[in-house]
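Here is a short report on how one protein chain is put together. Look at the structure first, then read on.

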Amino acid sequence: MRKKKRRQVFENVEVIDAGAKGKTVGKAPDGRVIFLTNTVPGDVVDVQTTKKRKAYFEGVATHFHSLSQKRVEPECQHFGVCGGCKWQDMGYEHQLFYKQKEVENNLRRIGHLELPEISPIIGSEKQYFYRNKMEFSFSDSRWLTLDEIRSSEEITDKDALGFHIPGMWDKILDIKKCHLQEDPSNAIRLETRNFAINNELSFFNPRHQRGLLRTLMIRTASTGEIMVLVQFFEDDATKRDLLLNHIRDTFPEITSLLYVVNSKGNDTIYDQEVVCHGGRDHIFEEMEGLRFKITAKSFYQTNSDQAYTLYKVARDFAELNGDELVYDLYTGTGTIAQFVAKNAKKVVGIESVPEAIADAKANAKNNGITNAEFFVGDMKNIFNADFIQANGRPDVLITDPPREGMHKNVVRQILDIAPKKVVYMSCNSATQARDLELMKALYSVTKVQPVDMFPQTHHVENVVLLERKTSLNAQA
Ligand SMILES: C[S@@+](CC[C@H](N)C(=O)[O-])C[C@H]1O[C@@H](n2cnc3c(N)ncnc32)[C@H](O)[C@@H]1O
């Protein structure tokens with residue numbers, strides 16, 4: 001017989017911290033940590049546990065004895081259900097405080113690093129409507145909130161266009177207004193949803209893998225250009241044209257209207273053909289006089305204003321004098337490479353997405369940059385001794401890997417070629433700290449600058465400057 005899970009209740013728990021994965025932290029009477037989801041540091045609550053492990057509990061607050069002074073009213077009506085902006089109920093200055101603390105904790109506890117004074121986190125001027133890219137999912141299985149169930153309005157549990165409910169792969173919360181991307185993002189999403197419902201265009205059913213409509217991506221740029229990409233599951237040209245023509249006619253400001261037909265198990269578009277239905281297949285973003293062409297599969301930092309702040313930090317850390325060979329690992333569309341090119345002798349960018357590298361090359365050409373070269377390949381394979389032989393040993397290396405951090409072969413190769421300076425940018429200070437520990441015999445951490453790219457969430461970008469401890473000759 002299966003043992004029944006025993007849930008425990010702890011009374012009068014003070015919430016004392018916030019950090020990893022956006023959870024807040026309290027303590028059980030036996031001293032064990034309780035990770036909480038619906039509280040703010042400073043709240044005093046009764047907790048019901050949902051999970052018990054040797055060293056910690058997970059739980060939810062079931063009763064609030066007193067509310068924290070750090071609380072603010074969330075802007076978004078979907079807060080608490082959507083799961084997208086978990087810290088919306090915490091004042092922004094407190095969000096920044098906990099992000100800074102998280103970066104420092106990770107560098108100390110995971111990286112076991114000797115650290116200089118960490119510079120105060122640079123907050124984002126825009127705390128809402130700061131994202132330039134959003135992706136919404138269609139589902140014929142709509143998640144109904146308690147408020148919706150209780151309301152007198154007649155609401156269907158069918159078609160929704162929005163975000164996955166945390167922990168439920170098939171349920172989608174129908175989003176009325178998202179506070180992360182500026183209009184016309186909300187208008188485009190709502191019009192697409194309503195037109196599809198009114199014209200009986202079917203929403204995806206992930207359980208049975210059927211339905212016409214799968215995802216909607218909206219990208220906006222500071223140039224005013226807008227990209228919309230509709231991903232279809234079923235290949236029905238008549239219905240596809242019906243929807244796309246309607247979007248095109250209703251929103252003439254869309255400069256790039258694209259679609260993908262993807263009938264495979266997952267909805268990633270990286271291995272799919274992107275077709276242009278109207279306008280161009282790309283939009284342009286601008287930064288410090290540089291123009292960046294962005295196509296559907298290319299990475300671009302999602303908070304454009306803070307991307308500029310971040311790049312300036314990286315450029316300051318690199319302190320180039322015009323003589324250096326600079327490598328830009330995980331270059332995306334070559335934005336950082338081009339941003340520092342005028343201060344370097346030559347820049348070499350590497351990236352795994354071929355379309356992004358095609359954009360990087362076109363961008364460099366259009367920007368009149370002649371001292372940058374770009375290569376496509378998986379970093380752990382392409383960034384090897386032959387590559388260094390062919391392209392030269394870098395004086396300065398900038399690296400900006402995805403959340404998983406760098407593959408150990410990449411770290412090994414950096415240690416092998418030992419550039420004088422490494423600027424390590426990361427959106428995950430835990431994996432960054434892990435990688436830095438592998439490098440600490442050869443490098444000292446001399447500067448640390450957290451930058452907030454993602455207000456209302458626990459995510460934080462962090463830039464670290466590593467300086468080689470010994471000269472190469474001394475090493476040999
Ligand atoms: C955090 S983004 C940074 C992009 C760029 N530095 C920028 O600021 O726009 C990480 C980039 O690494 C690329 N990438 C992910 N895994 C990779 C791998 N194994 N090899 C090479 N590039 C990879 C992604 O496609 C993405 O463009």
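## A pair in a sheet

In strand β9, Ala160 is the bridge partner of Ser139. Helices (H or I, at least four residues) and strands (E, at least two) are DSSP runs, numbered from the N terminus. Two strands pair if DSSP finds at least two bridges between them.

This is a predicted model, in which local features need pLDDT of at least 70 and side-chain atom pairs count only at pLDDT 80 or more, while totals for chains, interfaces and linings use all residues. Residues are numbered from 1 along each chain as its sequence is written.

## The open sheet

β7 and β9 are part of an open sheet of eight strands. Its order is β8-β10-β9-β7-β11-β12-β13-β14, and the pairing is mixed. The edges are β8 (142–143) and β14 (275–279). Each has a single partner strand, so one side of each is left without a neighbour in the sheet. Strands of a sheet pair through backbone hydrogen bonds, either parallel or antiparallel.

## Two helices on the sheet

Helix α3 (residues 185–198) lies across β7, β9, β11 (213–220) and β12 (226–232). It runs at about 160° to β11. Axes are lines fitted to C-alpha atoms, for helices over the stretch in contact, and angles run from 0 to 180 degrees between N-to-C directions. Helix α4 (residues 237–250) also packs on the sheet, where it touches β12, β13 (256–261) and β14. Its direction makes about 160° with that of β13.

How do α3 and α4 pack, and at what angle? The angle is about 140°, and their axes are 10 Å apart. The two helices are therefore oblique to each other. Angles under 35 degrees count as roughly parallel, over 145 as roughly antiparallel, 65 to 115 as roughly perpendicular and the rest as oblique. From α3, the contact uses Glu191, Thr192, Phe195 and Ala196; from α4, it uses Leu243, His246, Ile247 and Thr250. Residues are in contact if their C-beta atoms, placed from the backbone, lie within 7 Å. By class, the α3–α4 contact has four nonpolar, three polar and one charged residue. Here Ala, Val, Leu, Ile, Met, Phe, Trp, Tyr, Cys and Pro count as nonpolar, Asp, Glu, Lys and Arg as charged, and the others, Gly among them, as polar.

## Three domains

The protein is divided into domain 1 (1–70), domain 2 (93–126 + 300–475) and domain 3 (133–287). These bounds come from an automatic or database domain assignment. The centres of domain 2 and domain 3, taken over C-alpha atoms, are separated by 33 Å. Five residues of domain 2 are in contact with five residues of domain 3. On the domain 2 side, three are nonpolar, two are polar and none is charged.

## Other strands and helices

Strand β6 (residues 56–66) has two partners to look at. Strand β4 (residues 33–36) runs parallel to β6, joined by four bridges. Strand β5 (residues 44–52) runs antiparallel to β6, with eight bridges. There, the bridge partner of Asp46 is His63 of β6. β5 and β6 form a hairpin with three residues between them.

Now take helix α1 (residues 92–110) and helix α11 (residues 429–439). Their axes come within 8 Å and cross at roughly 30°. That makes α1 roughly parallel to α11.
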